[in-house]
Amino acid sequence: MLGILVLVVVTASAVWVYIDATNHRIGKQPNERGFFNLSAGGWGAVVLLLWIVAFPCYLAKRSDLIAKAKKSPVVVTSKAGPLLLIVAGGGLLMLQQAIPLLVRAGANGAPSDYVAACADYYYNAANSLPNPETRNKREIWLRTCSCASQRDGGRTAQDFERNLSTSETAHIDAMKSCL
């Protein structure tokens, strides 16, 4: 969750840098070379990808860049394209962070009736085995049963009982493929 919050701050910083640079007409100067000679879109992209270095650099060089832009302003004809790319890039980075959280929340969150009935059934069955060395954790059964419910389409406790009684082999095969 903290990773997503950091990416929101990074993306917002990159958007601000791009808007600030275009509003002050900061852009790539044709007669200059160097790291700090970037277009407004370039500044936004670099801040998005290398925030820890680029954002402080932009803030430190901002007054110099504005002074140069007053002497030789760069007019951006279309702000929407680069801005959309910066926001989309930040969104993709956030999505990359969010997907594992969503998957874990689905596996560890409030289980469906099917998943709870399935996990209770196998957890209790494993506990009744005579071998005390059997590692039996309900969380593992919840993940496995969640996977199995997606494979056999079960949603309710009655679905689990029906799948177990009518097609036990198919249900066990689904469970095995999820382990």
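**Figure 1. Helix α1 and helix α2 pack against each other in this predicted model.** The axes of helix α1 (residues 2-23) and helix α2 (residues 40-49) come within 8 Å and cross at roughly 165 degrees, where the axes are lines fitted to C-alpha atoms, for helices over the stretch in contact, and the angles run from 0 to 180 degrees between N-to-C directions. Helices (H or I, at least four residues) and strands (E, at least two) are DSSP runs, numbered from the N terminus. The two helices α1 and α2 are therefore roughly antiparallel to each other, given that angles under 35 degrees count as roughly parallel, over 145 as roughly antiparallel, 65 to 115 as roughly perpendicular and the rest as oblique. From α1, the residues Val 10, Thr 11, Ser 13, Ala 14, Val 17, Tyr 18, Ala 21 and Thr 22 meet Ala 40, Gly 41, Trp 43, Gly 44, Val 47 and Leu 48 of α2, contact meaning heavy atoms within 4.5 Å. Nine residues of this contact of α1 with α2 are nonpolar, five are polar and none is charged; Ala, Val, Leu, Ile, Met, Phe, Trp, Tyr, Cys and Pro count as nonpolar, Asp, Glu, Lys and Arg as charged, and the others, Gly among them, as polar. As a source note, residues are numbered from 1 along each chain as its sequence is written, and side-chain values use heavy atoms, with hydrogens and water left out. Because this is a predicted model, local features need pLDDT of at least 70 and side-chain atom pairs count only at pLDDT 80 or more, while totals for chains, interfaces and linings use all residues.

**Figure 2. Arg 25 lies in the loop between α1 and α2.** Its phi is near 60 degrees, a positive value in a residue other than glycine. Most residues other than glycine have a negative phi. With a relative accessibility of 40%, Arg 25 counts as partly exposed, a class that falls between buried (under 20% relative accessible area) and exposed (over 50%), with a 1.4 Å probe and protein chains only.

**Figure 3. Helix α5 and helix α7 cross at roughly 50 degrees.** Their axes come within 6 Å, and α5 and α7 are therefore oblique to each other. In α5, Asp 113, Tyr 114, Ala 117, Cys 118, Tyr 121 and Tyr 122 meet Ala 157, Asp 159, Phe 160, Asn 163 and Leu 164 in α7. By class, eight residues of this contact of α5 with α7 are nonpolar, one is polar and two are charged.

**Figure 4. Asp 113 belongs to helix α5.** This residue, Asp 113, is exposed, with a relative accessible area of 52%. When its neighbours within four places in sequence are left aside, Asp 113 is in contact with Arg 155, Thr 156 and Ala 157. Although Asp 113 and Asp 159 are 46 residues apart in sequence, they are 9.1 Å apart in space, C-alpha to C-alpha.

**Figure 5. Helix α8 (residues 168-178) has buried residues, namely His 171, Ala 174, Met 175 and Cys 178.** Seen down the axis of α8, these buried residues fall within an arc of 100 degrees, so they line one face of the helix; the arc is that of the directions from the helix axis to the C-beta atoms. What covers the buried residues of α8 includes α5 (113-127), α6 (138-152) and α7 (157-166), while on the other side of α8, Thr 169 and Lys 176 are exposed.
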